[in-house]
Amino acid sequence: MTSANLPNTMDLEQPPADPLAYAIASRDADVLKLVKSALAEGHARLAFQPVVLAQDQSQVAFYEGLIRVLDDAGRVIPAAQFMPVIEETDLGRQIDAVTLDLAFRMLRYNPEMRLSVNVSARSFGDGRWRKVLEAGLQEPGALGERLIFEISETSAMMLHEVVMRFMEEMQPRGVCFALDGFGGGMTAFRHLKEFFFDLVKVDKSFVKGIASQPDDQVLVEALITVAHQFEMFAVVEGVEGRLDADFLKGIGADCLQGFHIGPPRFDLGT
């Protein structure tokens, strides 16, 4: 990481006039230090959350591998607490490379498993990340055929030409792609026919309590219809209750994910 990515040490020693700006800068510096230390010590793990078939919720379609780092005391730090700070930095590329390496390890030791991992489009051109990818794809067992890359709406739209080229390169090798947060960000629907997403993950902001929310019901059903029109599977995230799961099953969701289905775990519960 270059020094340009880090808060200026002198700025932290001499607080700016705005106390809030100083607090944010201090927090971000602490997060960067924590994550960098965790990666250096090998204190990163994947937690696995099941994604099940909506019509038969006892059947796991795939798992999402969610990156976690551990601090010096062994406490788990979820990605939501550090990714917003590091996503656009070199440390974000390191996290993506570590995540992919851990995913390949899991696929290697679980030959029946399908696994998705989040990745920023910025990592597609990163040498370390590409090295991990090529090594994994060349292993015996066709690991790429059980790998799904989840790309956020924002990342996909900001670098849509990069994403499309990468998809053209990877899909003949069996890799699948999911558009994460579908409907909650900046997707231009005109670009959907240009992409090659295999599935979408409907943004969870529409899902909580959907069984009793008519407006969200209309929106989610429309998003599922759009996905199916473009021959993509529709996964609905953020499912927290049985009534919501039943409603989503009834409007044609293909897969469900959320705490009602199962929380992220370091083991697969077997």
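Visitor: In which helix is Glu153 found?
Guide: This is a predicted model, where local features need pLDDT of at least 70, side-chain atom pairs count only at pLDDT 80 or more, and totals for chains, interfaces and linings use all residues. Residues are numbered from 1 along each chain as its sequence is written, and side-chain values use heavy atoms, leaving out hydrogens and water. Helices are DSSP runs of H or I with at least four residues, numbered from the N terminus. Glu153 belongs to residues 153-158, helix H6.

Visitor: Is Glu153 buried or exposed?
Guide: Buried means under 20% relative accessible area, exposed over 50%, with partly exposed in between (1.4 Å probe, protein chains only). Because the relative accessibility of Glu153 is 3%, this residue counts as buried.

Visitor: Which backbone nitrogen does the side chain of Glu153 reach?
Guide: The distance is 2.6 Å. The backbone nitrogen belongs to Gly183.

Visitor: Which residues touch the most other members of the largest nonpolar core?
Guide: A nonpolar core is a set of buried Ala, Val, Leu, Ile, Met, Phe, Trp, Tyr and Cys residues joined through side-chain atoms within 4.5 Å. The largest has 74 residues, and the ones touching the most other members are Phe82, Phe149, Leu248 and Leu256.

Visitor: How many residues are in the second, separate core?
Guide: Its members include Phe62, Ala178, Leu199 and Cys255. The count for this second core is eight residues.

Note on methods:
Helices (H or I, at least four residues) and strands (E, at least two) are DSSP runs, numbered from the N terminus. A polar contact is a pair of N or O atoms within 3.5 Å; within protein, one must be able to donate a hydrogen and the other to accept it, and residues adjacent in sequence count only if both atoms are side-chain atoms.
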